[in-house]
Amino acid sequence: MKRKNNSLIEYIILGVLGTLVALTLVVPQLFRDRRPPRLLSLSVLLRDTDNSGWSAARQGMEQAADELGAELRFLTLTLQNDSREQEELLTRELDGGADALVVVPADPEALYAALLRQQTPCPVVTLESPMEGSAGLAAPDNALLGQKLAQALLEDWDGGTVVLLDTAGGCSGVTARLEAAQETLEAAGVPVQRTDKLPGGGSRWVMAFDRAATQQAGEEKEAEGFAFALYGVGATAAVTAQLERGTIAALAAWSDYAAGYLAVRQAVETAQGEGRLLEPLSFSIVRGEDIYAPENQKLLFPVTS
């Protein structure tokens with residue numbers, strides 16, 4: 001009986017050892033089959049010489065990249081709105097193996113032409129300006145924004161020419177804001193003047209349609225002591241501070257964080273064959289007295305983790 005028990009124990013031990021040997025052969029293969037997917041490489045091309053004005057958008061992009069498994073590479077220009085340099089960067093990034101691009105186009109038409117010359121298709125998501133052939137636009141409705149900003153000025157207007165700062169260059173989104181504002185003002189019988197430079201202190205009303213032009217106009221107003229009423233766009237820290245100080249009369253603001261997040265999400269999902277339709281971002285017209293309203297604080301003072 002004792003010998004039978006010993007034999008049974010030996011069989012059990014041999015069975016366990018055999019199972020362990022089999023596991024040592026199978027388990028590594030299972031882990032090899034389940035190694036994490038390759039991180040997607042996304043290049044972000046701005047139309048500015050630095051990305052300080054896009055800090056909130058960058059935070060949104062990085063959050064989306066962390067969640068979706070993507071690596072971001074941020075690129076700026078050596079000269080503001082240099083479409084030729086941006087085309088060169090696009091070509092370089094695609095040749096370097098970028099899986100998708102997020103772009104603030106200096107000139108959407110020129111950028112699309114450059115994209116067509118590439119042999120390898122690559123999804124492109126834009127901010128601020130739409131581009132033909134893109135996988136989506138993460139921006140507010142630019143024409144509606146320009147119209148609403150002009151209506152805010154009309155609430156204050158009591159005579160005089162309104163100066164429209166035409167700083168768009170090839171940026172079609174910024175141009176759409178300006179042209180909608182001009183149409184709204186002219187329909188109300190308000191004289192307008194388009195110029196690419198801030199006029200002197202004789203002007204009473206000034207409108208700017210991109211964040212950089214808004215900030216610059218505000219800085220010149222404060223430095224020179226100009227008395228014109230300024231209406232602009234953006235929700236950067238510098239522009240928000242100008243609104244708080246009363247330098248800006250009204251501001252069209254939207255969530256740059258949301259724009260950045262949605263742009264990267266769209267780029268990743270399109271690269272994976274799962275792109276969706278992007279709706280225009282909501283925006284608000286904010287005056288200084290309304291800056292600390294709860295809904296406006298979310299736009300002007302976003303808290304991100």
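Student: Where does Glu128 lie, and what makes its phi stand out?

Tutor: Glu128 lies in the loop between strand S4 (124-127) and strand S5 (136-138), where strands (E, at least two residues) and helices (H or I, at least four) are DSSP runs numbered from the N terminus. Its phi is near 75 degrees, a positive value in a residue other than glycine. Residues are numbered from 1 along each chain as its sequence is written, and the model is a predicted one, in which local features need pLDDT of at least 70 and side-chain atom pairs count only at pLDDT 80 or more, while totals for chains, interfaces and linings use all residues. Side-chain values use heavy atoms, with hydrogens and water left out.

Student: Why is Glu128 called buried?

Tutor: The relative accessibility of Glu128 is 4%, and buried means under 20% relative accessible area, exposed over 50% and partly exposed in between (1.4 Å probe, protein chains only); Glu128 therefore counts as buried.

Student: Which class does Asn81 fall into, and how do you know?

Tutor: Asn81 has a relative accessible area of 23%, so it is partly exposed. Asn81 lies in the loop between S2 and H3, and its phi is positive as well, at about 60 degrees, although Asn81 is not a glycine.

Student: What makes Thr126 a buried residue, and which residues does it contact?

Tutor: Thr126, found in strand S4, has a relative accessible area of 0% and is therefore buried. Leaving aside neighbours within four places in sequence, Thr126 is in contact (heavy atoms within 4.5 Å) with Val103, Pro105, Met131, Ser134, Gly136, Leu137 and Ala138.

Student: Why does Ala139 count as buried, and which residues does it touch?

Tutor: Ala139 is in the loop between S5 and H5, and its relative accessibility is 3%, so it counts as buried. Not counting residues up to four places away in sequence, Ala139 touches Glu128, Pro280 and Leu281. Ala139 and Ser129 are 10 residues apart in sequence and 7.6 Å apart in space, C-alpha to C-alpha.

Student: Why is H5 called oblique to H6?

Tutor: Helix H5 (residues 142-156) and helix H6 (residues 172-187) pack at an angle of about 40 degrees, with their axes 7 Å apart; axes are lines fitted to C-alpha atoms, for helices over the stretch in contact, and angles run from 0 to 180 degrees between N-to-C directions. That angle makes H5 oblique to H6, because angles under 35 degrees count as roughly parallel, over 145 as roughly antiparallel, 65 to 115 as roughly perpendicular and the rest as oblique.

Student: How do you know that the length of H3 agrees with its number of residues?

Tutor: The expected span of a helix is 1.5 Å times one less than its number of residues, so the 13 residues of helix H3 (residues 83-95) should span 18 Å, and the end C-alpha atoms are 18 Å apart, which agrees. The buried residues of H3 are Glu85, Gln86, Glu87, Leu89, Leu90, Glu93 and Leu94, and what covers them includes strand S1 (40-45), strand S2 (70-75), strand S3 (100-103) and helix H4 (108-116).

Student: How many residues does H2 have, and what span is expected of it?

Tutor: Helix H2 (residues 55-68) has 14 residues, and its reach of 20 Å from first C-alpha to last is close to the 20 Å expected. The buried residues of H2 are Ala56, Ala57, Gly60, Met61, Ala64 and Ala65, covered by elements that include S1, S2, S3, S4 and helix H9 (256-271). H2 and H9 pack at an angle of about 35 degrees, with their axes 6 Å apart, and the residues of their contact divide into 10 nonpolar, 4 polar and 3 charged.

Technical notes
Ala, Val, Leu, Ile, Met, Phe, Trp, Tyr, Cys and Pro count as nonpolar, Asp, Glu, Lys and Arg as charged, and the others, Gly among them, as polar.
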